[in-house]
Amino acid sequence: MNENRISSELIRGNIDTIILRVLCDGDSYGYEIIKTILKKSNGKYELKEPSLYTSLKRLESNKFIQSYWGDESQGGRRKYYKVTDAGKDTFHRNFADWKIARELIDKLIR
């Protein structure tokens with residue numbers, strides 16, 4: 001394992017929020033979401049496909065995102081994901097909760 005990579009355990013509880021954040025910037029498809037997260041983390045965190053699609057399924061069943069098929073590209077049709085208003089509200093609420101948790105954890109482990 002690369003020493004510069006962050007433990008998946010530290011991020012696991014925030015995957016839905018991370019995906020919602022990516023989709024707040026615009027519609028995207030699975031592989032592109034993975035690439036965006038890898039880029040934003042400067043290569044320190046790579047979301048695995050099973051975790052991505054499990055999260056996307058959960059977010060869609062909770063009506064936080066919607067999926068649709070895009071036009072055919074070189075490799076075939078891609079399934080795109082779009083954040084809903086409920087998803088945006090959830091992202092903002094989760095982000096506020098995360099900031100509180102971060103402050104608390106900082107106090108507890110320093």
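Q: Which residues form one aromatic cluster?
A: This is a predicted model, where local features need pLDDT of at least 70, side-chain atom pairs count only at pLDDT 80 or more, and totals for chains, interfaces and linings use all residues. Residues are numbered from 1 along each chain as its sequence is written, and side-chain values use heavy atoms, without hydrogens and water. Rings of Phe, Tyr and Trp (its six-membered ring) pair if their centres lie within 6.5 Å; planes under 30 degrees apart are stacked, over 60 edge-to-face, the rest tilted. The one cluster consists of Tyr-29, Tyr-68 and Tyr-80.

Q: How many aromatic pairs are there?
A: The ring-pairing rule sets the count. The total is 4.

Q: How many residues apart in sequence are the parts tied together by Tyr-29 and Tyr-80?
A: The pair is edge-to-face, with 5.4 Å centre to centre and 80° between the planes. Strands are DSSP runs (E, at least two residues), helices likewise (H or I, at least four), numbered from the N terminus. Tyr-29 sits in strand S1 (residues 28-29) and Tyr-80 in strand S3 (residues 76-83), so the pair ties together parts whose separation in sequence is 51 residues.

Q: Is Tyr-29 buried or exposed?
A: Buried means under 20% relative accessible area, exposed over 50%, partly exposed in between (1.4 Å probe, protein chains only). Tyr-29 has 12% relative accessibility, so Tyr-29 counts as buried.

Q: Which residue lies over the face of Tyr-29?
A: A charge sits over a ring if NZ of Lys or CZ of Arg is within 6 Å of the ring centre and within 35 degrees of the ring normal. At 4.1 Å from the ring centre, the residue is Arg-78.
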